[in-house]
Amino acid sequence: MARPSSIEREDEEIREEIAKARAHGMTIDEILALLREGYGKDFSRSAMGRHCQKLDKLGAKARQSRMVAEALARQMGDANVSRHMRANVEMLHGVMLNLFLAAESPDGTASKKGAEALNGDPEGLMFLAKTLDHLAKASKTDTEFVAKIEEQHEARLRRQVEQTVTANARRQGLSAESVAAMLDGAFGVKK
């Protein structure tokens, strides 16, 4: 494993300042000047360049993940919380698929824990099983949440229909039996 760079060994405050500056579009030279003036820190330009490349790659991956999650969420339904839950579940499925594919690839890109999980390491298998368990629970919880929201929405609509029909029927001078028949037949609202 490679040794941490001089920037990675710095306090989190310094690394956060670098990340903020990079996110605001500052160049490597501007960031170096900022750290020299504000913190009295002097890093090599090449170390800062490597660190900024890592930040840029992480930012690109985060944007890509967010776009994938949002695209999945748009395709999966109407309720916002439900869409995000489903997107998270789908992304976890994707991560697990990548783990399996990477463990089988000849270039060995799987992490040590990922490869151990697939090669029979008990602790790795436990983590993989926990992931699957949490995934199943999240799906079940999401399904229950969607059903509850739909039930509440349907009950609210039934109340509104009943109130509207009853009020209009009274204005028209219809009998209670006529109102009950309309609610029961046309709208499926039963008293």
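Helix 1 and its contact with helix 2

Q: What describes the packing of helix 1 against helix 2?
A: The two axes, with helix 2 covering residues 28-39, come within 10 Å and cross at roughly 140°. Axes are lines fitted to C-alpha atoms, for helices over the stretch in contact, and angles run from 0 to 180 degrees between N-to-C directions. This is a predicted model, in which local features need pLDDT of at least 70, side-chain atom pairs count only at pLDDT 80 or more, and totals for chains, interfaces and linings use all residues. Residues are numbered from 1 along each chain as its sequence is written, and side-chain values use heavy atoms, without hydrogens and water.

Q: Which residues of helix 1 and helix 2 meet?
A: From helix 1 they are Glu13, Ile14, Glu17, Ile18, Ala21 and Arg22, and from helix 2 Ile28, Ile31, Leu34, Leu35 and Tyr39. Contact means heavy atoms within 4.5 Å.

Q: What makes residues 12-23 helix 1, and how does the span of helix 1 compare with the expected one?
A: Helices are DSSP runs of H or I with at least four residues, strands are runs of E with at least two, and both are numbered from the N terminus. Helix 1 has 12 residues. The expected span is 1.5 Å times one less than the number of residues. Helix 1 reaches 16 Å from its first C-alpha to its last, close to the 16 Å expected.

Q: Which residues of helix 1 are buried, and why are they said to lie on the same side?
A: The buried residues are Ile14, Ile18 and Ala21. They cover an arc of only 65° around the axis, which puts them on the same side of helix 1. The arc is that of the directions from the helix axis to the C-beta atoms. On the face turned away from the buried side are the exposed residues Glu13 and Ala23.

Q: Why is lysine 20 called partly exposed?
A: Buried means under 20% relative accessible area, exposed over 50%, and partly exposed in between (1.4 Å probe, protein chains only). Lysine 20 has a relative accessible area of 48%, so lysine 20 is partly exposed. Its place is in helix 1.
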